[in-house]
Structure formats: C-alpha cells, structure tokens
Amino acid sequence: MKEKFTFDNIKDFDKHIECSIPNYSHIFDLISSISTYFIEENTNVYDLGCSTGLLLKNLSIINDIDNVKFVGFERSENLKPKNITGWSWEKKDITKHLEILNTKLKKNVIIFVRIMQDKKT
C-alpha cells in the first residue's frame with residue numbers, strides 16, 4: 001500500500017513539485033524576474049510556506065543588495081534544507097505567527113504562492 005502524501009514524509013519535494021504542478025518552472029522564473037522590481041535596500045523578504053526554500057535561495061542570489069533580509073517560514077521540519085546560505089529558514093506555522101510582519105526595515109515583500117490543483121478521482 002502506497003504511503004499517503006504529507007509534507008512530513010516526502011523525500012524529494014523539489015522534484016515532486018516540478019513534476020506535479022504544470023508550468024511550475026515558469027512560475028518560479030516569473031517570480032524571480034519580477035522580484036527585482038520590488039526588492040531594494042532595507043527590505044525584508046518573507047516566503048510563507050517556503051518548503052525547501054529553493055525560490056528564496058534563488059531570490060537572494062538574484063537580489064544581492066545590502067541590508068536585505070530573506071526569511072523562509074515552513075511548518076514541516078522534513079523540508080528544511082541542509083545548506084542555507086544568504087537567507088534563513090524558520091520552522092513556524094505562519095497562521096499562528098503573523099507578528100513577523102512587524103519589522104523595523106522600511107519595506108516588506110511577502111511571497112505566498114498557493115497553486116491549486118484539481119483532486120484526481
């Protein structure tokens with residue numbers, strides 16, 4: 001019997017999402033491209049539900065700007081990447097920790113991408 005999918009038991013989430021979501025790489029590229037318009041010095045960038053943080057890592061490389069803070073929030077410890085450079089990953093259920101938006105920097109950029117799929121019957 002196949003194990004039921006959960007974020008706590010998925011083995012290679014990045015590969016899984018690339019195969020499961022049509023045009024996921026295009027969405028990823030689009031967000032990366034438009035991020036340069038919004039992210040500037042003195043900005044906090046929060047990825048709510050960042051999974052492995054692949055998008056946030058990419059944004060931190062593309063937007064290599066002074067005094068920008070990149071933070072990913074995810075509630076599944078299983079998705080935490082092993083190597084984190086240029087950004088931080090925090091285990092939090094964002095529905096219970098919205099105080100993150102109260103910051104001292106001038107600007108917040110919030111990334112929340114929710115891709116809905118039809119359930120296959």
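Mentor: The second largest pocket is lined by 16 residues, and those lying nearest its centre are Asp14, Thr52, Leu79, Lys80 and Pro81. A pocket here is an open set of points on a 1 Å grid over the protein atoms alone, where a 1.4 Å probe fits, with protein on both sides within 12 Å along at least five of seven lines, and lining residues have an atom within 4 Å of a point. This is a predicted model, in which local features need pLDDT of at least 70 and side-chain atom pairs count only at pLDDT 80 or more, while totals for chains, interfaces and linings use all residues. Residues are numbered from 1 along each chain as its sequence is written, and side-chain values use heavy atoms, with hydrogens and water left out.

Trainee: Which elements give two or more residues to the lining of the second largest pocket?

Mentor: Elements are DSSP runs numbered from the N terminus, helices being H or I of at least four residues and strands E of at least two. By that assignment, the elements giving two or more residues to this lining are α1 (13-20) and α3.

Trainee: How do the residues of that lining divide into nonpolar, polar and charged?

Mentor: Ala, Val, Leu, Ile, Met, Phe, Trp, Tyr, Cys and Pro count as nonpolar, Asp, Glu, Lys and Arg as charged, and the others, Gly among them, as polar. On that basis the lining of the second largest pocket divides into six nonpolar, four polar and six charged.

Trainee: Which residues of α2 are buried, and why do they line one face of the helix?

Mentor: Buried means under 20% relative accessible area and exposed over 50%, with partly exposed in between (1.4 Å probe, protein chains only). Seen down the axis of α2, the buried residues fall within an arc of 100°, taken from the directions from the helix axis to the C-beta atoms, so they line one face. The face turned away from that side carries the exposed residues His26, Leu30 and Tyr37, whereas the buried residues are Tyr24, Phe28, Ile31, Ser32 and Ser35.

Trainee: Where is Asn63, and which residues is Asn63 in contact with, leaving aside its neighbours within four places in sequence?

Mentor: Asn63 has its place in the loop between α3 (54-62) and β2 (68-74), and this residue is buried, with a relative accessible area of 2%. Counting contact as heavy atoms within 4.5 Å, and leaving aside neighbours within four places in sequence, Asn63 is in contact with Ser35, Thr36, Ile39 and Phe70.
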